[in-house]
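Subject: Handover of a structure and its findings

Dear colleague,

Please find below the structure that I am handing over to you. My notes on what was found in it follow directly after.

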Amino acid sequence: MQKLPEAVQLIEKASMMYLENGTPDTAAMALERAGKLIENVDPEKAVQLYQQTANVFENEERLRQAVELLGKASRLLVRGRRFDEAALSIQKEKNIYKEIENYPTCYKKTIAQVLVHLHRNDYVAAERCVRESYSIPGFNGSEDCAALEQLLEGYDQQDQDQVSEVCNSPLFKYMDNDYAKLGLSLVVPGGGIKKKSPATPQAKPDGAAGMAAEEEEDEYSGGLC
């Protein structure tokens, strides 16, 4: 009959009865199904249901199942641009992955956190996420860490090219679709006008392009003959 809100209410009542009767697994399954049922109609309610399911699994010390449901909630929050709540949800995921010693996934959650914080225009929180992640085994020196440091540097210097280069790298593009979209839509403050002062005519060019320019000048410094 497509009366989804009423159906979800009944499923929630059923899950409470399952919990009271000592069958938390069935309660969690019912809540997760309710979330899937309502997700496209009422994402906010689906987030609540997924979080409830995660709590049931966490109380049963089934952390892998709990973190999977938290991940669903986080992605829906990002999709709805509810970034403050998404940041908290991703932090919960990260804490559980750290607890079960799934460190590579912690690195990916740090990337997700940073993207969310930058979309909140909170550079300080994004930088703190990276700094705190140095305590996670293997993070310092990983490609995730290097990419995030480059991203934060570009964002801080208002260098849109550098930010776009990082966000278009395979590391970011092949994340969950909701986070990949955050990366592709990330715009630095100030519309991409760099903080760095413009180079004067006497200033030496920077980097490889500068070296190439200097070599070209040397090549013709004495004239063509």
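Predicted model: local features only at pLDDT ≥ 70, side-chain atom pairs only at ≥ 80, totals over all residues.

Residues are numbered from 1 along each chain as its sequence is written, and side-chain values use heavy atoms, with hydrogens and water left out.

The average pLDDT (the predictor's confidence in each residue, from 0 to 100) is 88, and 84% of the residues score at least 70. In residues 196-205 the pLDDT is below 50, and this stretch has four contacts in the model beyond near neighbours in sequence, where contact means heavy atoms within 4.5 Å. The pLDDT is also below 50 over residues 207-225, a stretch with three such contacts.

The secondary structure consists of twelve helices and zero strands; helices (H or I, at least four residues) and strands (E, at least two) are DSSP runs, numbered from the N terminus. Among contacts with a separation of 6 or more, 58% are between residues 24 or more positions apart.

Of the 225 residues, 41% are buried. Buried means under 20% relative accessible area, exposed over 50%, and partly exposed in between (1.4 Å probe, protein chains only).

The largest nonpolar core has 58 residues; such a core is a set of buried Ala, Val, Leu, Ile, Met, Phe, Trp, Tyr and Cys residues joined through side-chain atoms within 4.5 Å. Val114, Leu151 and Phe172 touch the most other members of this core. Helix H4 (residues 63-79) gives the core its largest share, nine residues. Beyond neighbours within four places in sequence, the contacts of Leu151 include Val114, Cys167 and Phe172.

Cys167 has 1% relative accessibility and therefore counts as buried. Cys106, at 0%, also counts as buried. The protein has zero disulfides, a disulfide being a pair of cysteine sulfur atoms within 2.5 Å.

Finally, Glu32 lies in helix H2 (residues 24-38). Glu32 counts as buried because its relative accessibility is 15%. Leaving aside neighbours within four places in sequence, Glu32 is in contact with Tyr50, Thr53, Leu69 and Lys72.

Yours sincerely
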